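The sequence and structure are shown first.

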Amino acid sequence: MLLLSLCLALGAPRLGVPTPVVDEGHRGLSHWFAALAEAEAGRGVARAIHYGDSTIAADGFARTVRARLQARFGDAGPGFVTASLNPTWHQRSDVTASRGGGWSWRTILLGGAGGRYGLGGIVGILESGAHAVVRAIDAEKNAVPQLHVELWYQGGQGYGSYWVSADDREIGRGAAQAPQTDDRRFVLDLPAPATKFAFGASGGTVPFYGLVLETGTPGATWESLGVVGVGSKSFTTFAKDNLRPQVTQRGADLVVVMIGGNEAGYPSLLSRGGEAYAPVFGGGLDTILAGKGAASCLVVTPLDQGFVDEADGLEKSRPGMKNLVAVQRRLAAERGCAFWSTYDAMGGAGSAIAWAHARGYGTGDLVHVTPAGLEVLGNLLTDALLGAYESWKGAGG
């Protein structure tokens, strides 16, 4: 909260409202809390995967949560990093990446990959000779050694082979050629930590989903899986049943769903309490949660939004936001998930306009906020989660 405190001291408007997590009896978060307690005791890793749209794809929101959790519970590494390596669709602040050769992409926003987009909703398709280099980094951009590596990729007819290296030494190679399309992964615990990881394709095309990097030490991960532009229908239309085994395979302790920002203008939100929107969001939510098993789940609402009325040129609040938040809260409860309202944390109706006019926090489109604004919101969510965790511990876990 240092940034917010500094802004207040300089006379900037107060932004952000402390907002608790809604989770009666801690039933939605207890599994993750137990994993955090193990990490805090130096005995395990608490993994979280966070789905979202551009707010998460920009990583400012997730970066703040990740940094604070890892400062408290230990740095278990970046976890799953999508193979997009393309800021058009997704960014991560805790890794650096470079790529070479022929690449193309398919995402759950636009389709075109036959329902297979891996865990993160993006598949990077490498031509023979294409490659990428990935490093985990800290806040000062220093390389962070990793001990566990996984390469998630696709097998199928006509594919080439993959290779993967650590600190310029090849650690794995195999054929992606298969009689039918399926999802695969290469997994290895290294004999010694490495800081530079590379992977690539040879002898033909290979679709890659992502890379898992972990330090091999107790701690937490907060793995942002945002894709610019996605909404609930992106998951139900394109991800379908192929996402389920990917979520199960990752074995996360918490699945966070923060979609709906691209749905705030839906006409279905303007009547009957927005009930016609419920099956839209519910379908996307169910698709994401289908493979979570015993993991905890958390629904986080999109940011408040406004728009410029073409009739009079005035900035106005998006009228469906309150119904969207209410529907998401109800569906979260019905599925046993915890709930946190970014909308209320911003200040509720009209807050998008206030943030847009706060220098350094608003982008002017009445939809997004700046990295500084995302940091404020990320801190508010982390405050709420840590407060709920302490309450859970106080109640005896």
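Strand 1 and strand 13 (residues 219–226) run parallel and are joined by eight bridges; strands are DSSP runs of E with at least two residues, helices are runs of H or I with at least four residues, and both are numbered from the N terminus. Two strands are said to pair if DSSP finds at least two bridges between them. Within this pairing, Ala46 has Ala220 of strand 13 as its bridge partner. Strand 1 also pairs with strand 14 (residues 254–258), in the parallel sense and over five bridges; here the bridge partner of Ile49 is Val255. Strand 1 itself covers residues 45–52, and six of its eight residues are buried (buried means under 20% relative accessible area, exposed over 50% and partly exposed in between, with a 1.4 Å probe and protein chains only).

The model is predicted: local features need pLDDT of at least 70 and side-chain atom pairs count only at pLDDT 80 or more, whereas totals for chains, interfaces and linings use all residues. Residues are numbered from 1 along each chain as its sequence is written, and side-chain values use heavy atoms, with hydrogens and water left out.

The mean pLDDT of the chain is 93, and 96% of its residues reach 70 or more; pLDDT is the predictor's confidence in each residue, from 0 to 100. Over residues 1–12 pLDDT stays under 50, and the model has eleven contacts for them beyond four places in sequence (contact means heavy atoms within 4.5 Å). Where pLDDT is low, the predicted coordinates should not be read in detail.

**Strand 12**

Strand 12 (residues 206–214) is largely enclosed by the rest of the structure, because nine of its nine residues are buried.

**Aromatic pairs**

The whole structure holds 16 aromatic pairs. Rings of Phe, Tyr and Trp (its six-membered ring) pair if their centres lie within 6.5 Å; planes under 30 degrees apart count as stacked, over 60 as edge-to-face and the rest as tilted. Phe208 forms a tilted pair with Phe199, because the ring centres are 5.0 Å apart and the planes lie at 50°. Both Phe199 and Phe208 are buried. Trp355 and Tyr361 form an edge-to-face pair, since their ring centres are 6.4 Å apart and their planes lie at 85°; these two residues are buried as well. Elsewhere, ring pairs link Trp32, Phe33, Phe73, Trp222, Tyr389 and Trp392 into a cluster.

The search of the whole structure finds two cavities of 30 Å³ or more. On a 1 Å grid over the protein atoms alone, a cavity is a set of points where a 1.4 Å probe fits but cannot get out, and lining residues have an atom within 4 Å of a point. Grid points are joined across faces, edges and corners, and a volume is the space filled by probe spheres set on the points. The largest cavity contains about 80 Å³ of space. Its lining has 15 residues, of which Ile108, Tyr117, Gly118, Ala239 and Leu243 lie nearest the centre. Helix 5 (232–239) and helix 6 (243–250) are the elements that give two or more residues to this lining.

Ser232 lies in helix 5 and is buried, with a relative accessible area of 0%. Leaving aside residues up to four places away in sequence, Ser232 touches Ile259, Glu263, Tyr277, Val280, Phe281 and Gly284.

Terms used
On a 1 Å grid over the protein atoms alone, a cavity is a set of points where a 1.4 Å probe fits but cannot get out, and a pocket is an open set with protein on both sides within 12 Å along at least five of seven lines; lining residues have an atom within 4 Å of a point.
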